[in-house]
Amino acid sequence: MATINKQKIVDSVPQKGFFGNPKGLFTLFFTEFWERFSYYGMKAILVYYMYYEVSKGGLGLDEHTALALVSIYGSLVYMSGIIGGWLADRIFGTSKAVFYGGILIMLGHIVLAVPGSLSMFFVSMVLIVLGTGLLKPNVSSIVGEIYAENDDRRDSGFSIFYMGINMGAFLSPFLVGTVGMNYSFHLGFGLAAIGMLIGLIVFVATKKKNLGLAGTLPANPLSQNEKKTVFTKLGIATLIVAAIIGITATKGILTIKTFINLVGILGILIPTLYFIFMYRSPKTTSVERSRLIAYIPLFIAAVMFWAIQEQGATILANYADKRTQLNFAGIEINPAWFQSLNPLFIITLAPVFAWLWIKLGKRQPTVPQKFSLGLLFAGLSFLVILLPVYFGGSDSLVNPLWLVLSYFLVVLGELCLSPVGLSATTKLAPAAFSAQTMSLWFLASAAAQALNAQIVRFYTPQTEMAYFGVIGVASMILGLALMALSPKIQGYMKGIR
């Protein structure tokens with residue numbers, strides 16, 4: 001039934017209108033543009049807000065604690081996609097999930113914009129985590145819905161959508177970063193809230209005309225009896241969790257350190273259980289089970305890749321602030337501006353990669369081979385950081401062009417892996433778990449950042465050689481192993497290329 005409804009949705013949407021793609025891509029492009037503007041604007045200054053002294057407008061936390069908390073923040077943001085995907089699949093559809101998520105994100109940024117304490121930070125964390133969990137996986141799922149399963153424009157459409165994500169991420173560190181670092185962190189967070197408000201306006205104003213029925217129907221809706229049971233269990237579980245948090249926090253058991261460790265465990269445990277649940281579900285066919293097996297090594301590769309890429313907002317952000325020449329060629333560089341490098345390169349190169357995959361057609365690398373290339377570039381991006389440390393030592397400031405090169409290399413990997421991974425997820429997903437499988441894709445980033453929260457404490461200027469070297473080499477070894485296994489993985493994908 002879900003497959004039939006999905007086909008009706010695809011057929012009801014105009015097939016051309018936005019760079020040769022369905023008109024609905026316009027709505028989704030600009031909704032995600034503004035959501036990413038708000039999120040990456042906030043993230044560009046968040047780590048500095050946390051470890052800068054109170055006299056400078058920050059919270060005055062220890063640097064390693066701040067780096068770990070930013071990683072945990074990112075992990076929980078993507079982990080919450082499970083909740084958003086389930087709600088979309090079983091209760092109100094992806095379109096409403098996107099709308100409700102945008103409202104929560106906006107409220108979270110408003111809380112950050114109000115001068116407060118560490119407690120206010122945690123309140124904002126809850127709101128943004130839940131909001132992004134509702135919005136991010138579901139807006140990507142709607143992109144998949146507006147294409148027929150055999151539409152060759154799908155990968156190209158996801159690349160264009162991915163470019164929209166990164167246009168928002170490119171502008172926000174300049175605007176939010178400049179205001180936040182030069183005037184007030186809270187004013188910067190206020191700009192992020194305004195960005196999400198604009199995104200909500202775009203979505204509401206254009207969705208009916210451009211998206212039609214896409215995203216309005218749950219893929220696997222709960223029956224009335226199931227709703228009563230589920231809501232009762234959710235209510236009881238919420239009360240139990242709240243009681244546990246209250247008791248353990250009061251007695252000093254739930255500290256920041258134990259919270260970081262707990263999220264680290266959940267980052268690995270949740271996707272593992274998710275794979276098992278979907279594989280064993282009677283709603284998953286034998287062909288879909290085979291595709292899930294093929295998805296496992298892709299997921300592991302994605303975890304390794306995002307573990308490197310996401311350190312651009314933690315370790316490399318700290319590196320930009322503490323270890324880089326910020327007065328370069330007569331220009332005083334704001335360390336938050338380095339966060340614009342990744343999206344800048346993606347904006348520039350995404351159309352090239354989209355054109356390349358279309359030009360190559362059937363001759364293009366398979367999905368596992370593209371993932372392998374992504375890991376090789378990611379590993380290389382960390383290895384190049386070793387060169388200025390090797391030649392100049394750990395005490396001298398580094399030419400900012402080394403950071404530029406590192407961000408450039410990881411972007412080459414990202415364009416081989418990320419938009420392709422989004423597209424592959426929509427193709428390999430079991431029909432009954434379409435939105436939830438997209439949530440599983442984002443759990444790769446959650447697992448990566450949960451892992452990062454554990455390893456950032458090993459980073460110091462004195463351990464740079466070992467830190468960047470071990471992680472970079474590990475990524476390259478995994479990339480070569482994945483390349484060797486690509487034909488086997490492709491066989492399990494059962495016709496999906």
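# Salt bridges, rings and core of a predicted model

Visitor: In this predicted model, which residue does the side chain of glutamate 32 meet in a salt bridge?

Guide: In a salt bridge, the side chain of glutamate 32 comes to 3.0 Å, N to O, from that of its partner, lysine 136. Glutamate 32 belongs to helix α2, whereas its partner belongs to helix α5 (residues 118–145), so the pair ties together parts that are 104 residues apart in sequence. Both of these residues are buried, and the partner asked for is lysine 136.

Visitor: How many salt bridges does the structure hold?

Guide: Besides the pair of glutamate 32 and lysine 136, there is one between arginine 36 and glutamate 35, whose closest N and O atoms are 2.6 Å apart, and both of these residues are buried. For the structure, the number of salt bridges is five.

Visitor: How many residues apart are glutamate 310 and lysine 43?

Guide: Glutamate 310 and lysine 43 form a salt bridge, with 3.1 Å between the closest N and O atoms, and both are buried. Glutamate 310 is in the loop between α10 (286–309) and α11 (315–322), while lysine 43 is in helix α2, and the pair links distant parts of the chain. Their separation is 267 residues.

Visitor: Why is the pair of phenylalanine 121 and phenylalanine 122 edge-to-face?

Guide: A search of the whole structure finds 27 aromatic pairs. In the pair formed by phenylalanine 121 and phenylalanine 122, the ring centres are 5.3 Å apart and the planes stand at 65°. Planes over 60 degrees apart count as edge-to-face, so the deciding value for this pair is the angle of 65°.

Visitor: Over the ring of which residue does the charged end of lysine 56 sit?

Guide: The ring in question belongs to a residue of an aromatic cluster that is formed by Tyr48, Tyr49, Tyr51, Tyr52, Phe185 and Phe189. The charged end of lysine 56 is 5.7 Å from the centre of that ring, which is the ring of tyrosine 52.

Visitor: What does the side chain of serine 406 reach at 2.8 Å?

Guide: Serine 406 has its place in helix α15 (residues 400–428) and, at 1% relative accessibility, counts as buried. Leaving aside neighbours within four places in sequence, serine 406 is in contact with Leu316, Ser381, Val384 and Ile385. At 2.8 Å, its side chain reaches the backbone oxygen of serine 381.

Visitor: What separates the C-alpha atoms of phenylalanine 170 and proline 343?

Guide: Phenylalanine 170 has its place in helix α6 (residues 154–182), and, not counting residues up to four places away in sequence, it touches Ser340, Pro343, Leu344 and Ile347. Although phenylalanine 170 and proline 343 are 173 residues apart along the chain, their C-alpha atoms are separated by 5.0 Å.

Terms used
Residues numbered from 1 in each chain as written. Predicted model: local features only at pLDDT ≥ 70, side-chain atom pairs only at ≥ 80, totals over all residues. Heavy atoms only, no water. Phe/Tyr/Trp six-rings, centres within 6.5 Å; stacked < 30°, edge-to-face > 60°. Lys NZ or Arg CZ within 6 Å of the ring centre and 35° of its normal. Helix = DSSP H or I, 4+ residues; strand = E, 2+ residues; numbered from the N terminus. Buried < 20%, exposed > 50% of the residue type's maximum accessible area, 1.4 Å probe, protein only. Polar contact = N/O pair within 3.5 Å; in protein donor to acceptor, adjacent residues only side chain to side chain. Contact = heavy atoms within 4.5 Å. Salt bridge = Lys/Arg side-chain N within 4 Å of Asp/Glu carboxyl O.
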